[in-house]
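This report describes a protein chain, from its overall fold down to individual side chains. The sequence and the structure are shown first.

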Amino acid sequence: MTISEIMDQLQEYGSEQTKKIYLAHGAKEPLHGVKVGDLKKLVKHVKKDQELGLALYSTGNHDAMYLAGLSVNPKLMEKEVLQEWVRAANWYMLAEYTVAGVAAESRFALELAKEWILSDQEMIAVTGWSTYAHYLSITPTEHLDMNEITSYLQHVEKSIHAERNRVRYAMNQFVICVGSFVEPLHEEALLIADRIGKVHVDVGNTACKVPNAKDYINKIKDKGYIGKKKKTTIC
């Protein structure tokens, strides 16, 4: 399929109700309001064409950008392109899932995660924390730097409640991912989650809730899944 044909298909799949929901969560125009399940129907038409995937992201249309994240090969992504992607991620769904998911599986995962975390732009900092969290979920524990992760946990504990709105959410998720996917730091993450307590995030006119990190990690523990890695961060 050509990019024109895919854009036509996205328009056909779009719904006003889904668009309304996305806008309430912070999405920016243009978008058609395509459900992720419908986006996945188009992945097979894009997946073998990296340039087509990159072109879709460049449209600035949310649905096309999310489809690009589902379709590109992260291992083929260049650092400069990922930098372009993060600058264009204008709300949390693109920042926390599309860009962070692809970046976490790229050759530049940690380098970019640590750079983006320091950004004074909220969505870029969100992407940084989310990229590191995604990276933890797929990377073998023996390849992780425990001292570095511990320092980030300590940073979260000291600064989360004073951080920018959506950064607080991403930091909370980072603690959850450490406690769930990095077994040697499970107890440390639990302690910090307990000390952090409730994290307040303005989620707008939606029913979304910020998960309690301690409760969430304990649920993973009860299921016997601590340390169990995911195969991919792309979803």
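## Terms and basis

Two residues are in contact when heavy atoms of theirs lie within 4.5 Å. The model is predicted: local features are given only at pLDDT of at least 70 and side-chain atom pairs only at pLDDT 80 or more, while totals for chains, interfaces and linings use all residues. Residues are numbered from 1 along each chain as its sequence is written, and side-chain values use heavy atoms, with hydrogens and water left out.

## Overall architecture

The protein chain contains 14 helices and zero strands; helices (H or I, at least four residues) and strands (E, at least two) are DSSP runs, numbered from the N terminus. Read from the N terminus, the order of elements is α-α-α-α-α-α-α-α-α-α-α-α-α-α.

The C-alpha trace spans about 50 × 40 × 35 Å along its principal axes. The radius of gyration of the protein chain is 18 Å, which agrees with the value near 18 Å for a compact globule of 235 residues. That radius is taken over C-alpha atoms, and the globule rule is 2.2 Å times the number of residues to the power 0.38. Of the contacts between residues at least 6 apart in sequence, 70% join residues at least 24 apart.

## Burial, surface and charge

Of the 235 residues, 52% are buried. A residue is buried under 20% relative accessible area, exposed over 50%, and partly exposed in between (1.4 Å probe, protein chains only). The protein chain exposes about 11500 Å², and carbon and sulfur atoms supply 50% of this area; accessible areas come from the Shrake-Rupley method with a 1.4 Å probe, and for residues only the protein chains shown count as cover.

There are 29 positive and 30 negative side chains, and the centres of the two sets lie 6 Å apart. Lys and Arg count as positive and Asp and Glu as negative, whereas His and the chain ends are not counted. Each charge is placed at NZ of Lys, CZ of Arg, CG of Asp or CD of Glu.

## Helix H5 and its cover

Helix H5 covers residues 50-58, and its buried residues are Gln50, Leu52, Gly53, Leu54, Leu56 and Tyr57. The cover over these buried residues includes helices H1 (3-13), H4 (43-46), H6 (62-71), H7 (79-88) and H8 (92-104). After H5 comes Gly60, which has a positive phi, near 80°.

Thr127 belongs to helix H10 (residues 122-138). Thr127 counts as buried because its relative accessibility is 0%. Beyond its neighbours within four places in sequence, Thr127 is in contact with Val86, Ala95, Val99, Ala100 and Trp116. Its side chain also reaches the backbone oxygen of Met123 at 2.7 Å. A polar contact is a pair of N or O atoms within 3.5 Å; within protein, one must be able to donate a hydrogen and the other to accept it, and residues adjacent in sequence count only if both atoms are side-chain atoms.

Ser159 lies in helix H11 (residues 146-159). At 17% relative accessibility, Ser159 is likewise classed as buried. The side chain of Ser159 reaches the backbone oxygen of His155 at 2.7 Å.

Lys19 is part of helix H2. The relative accessible area of Lys19 is 16%, so this lysine is buried. Apart from residues up to four places away in sequence, Lys19 touches Glu29, Leu31, His32 and Gly33.

The loop between helix H2 (16-25) and helix H3 (36-39) holds Pro30, and the peptide bond from Glu29 to Pro30 is cis, with omega near 0°. Lys28 is found in the loop between H2 and H3. With 41% relative accessibility, Lys28 counts as partly exposed. Its side chain reaches the backbone oxygen of Gly26 at 3.0 Å, and a polar atom of that side chain lies 3.4 Å from the backbone oxygen of Asn90. Leaving aside neighbours within four places in sequence, Lys28 is in contact with Asn90 and Trp91. Lys28 and His62 are 34 residues apart in sequence, with their C-alpha atoms 7.5 Å apart.

## The segment after H14

Ile234 lies in the segment after helix H14 (213-222). At 23% relative accessible area, Ile234 is partly exposed. Not counting residues up to four places away in sequence, Ile234 touches Gly69, Leu70, Pro74, Gly101, Val102 and Glu105.
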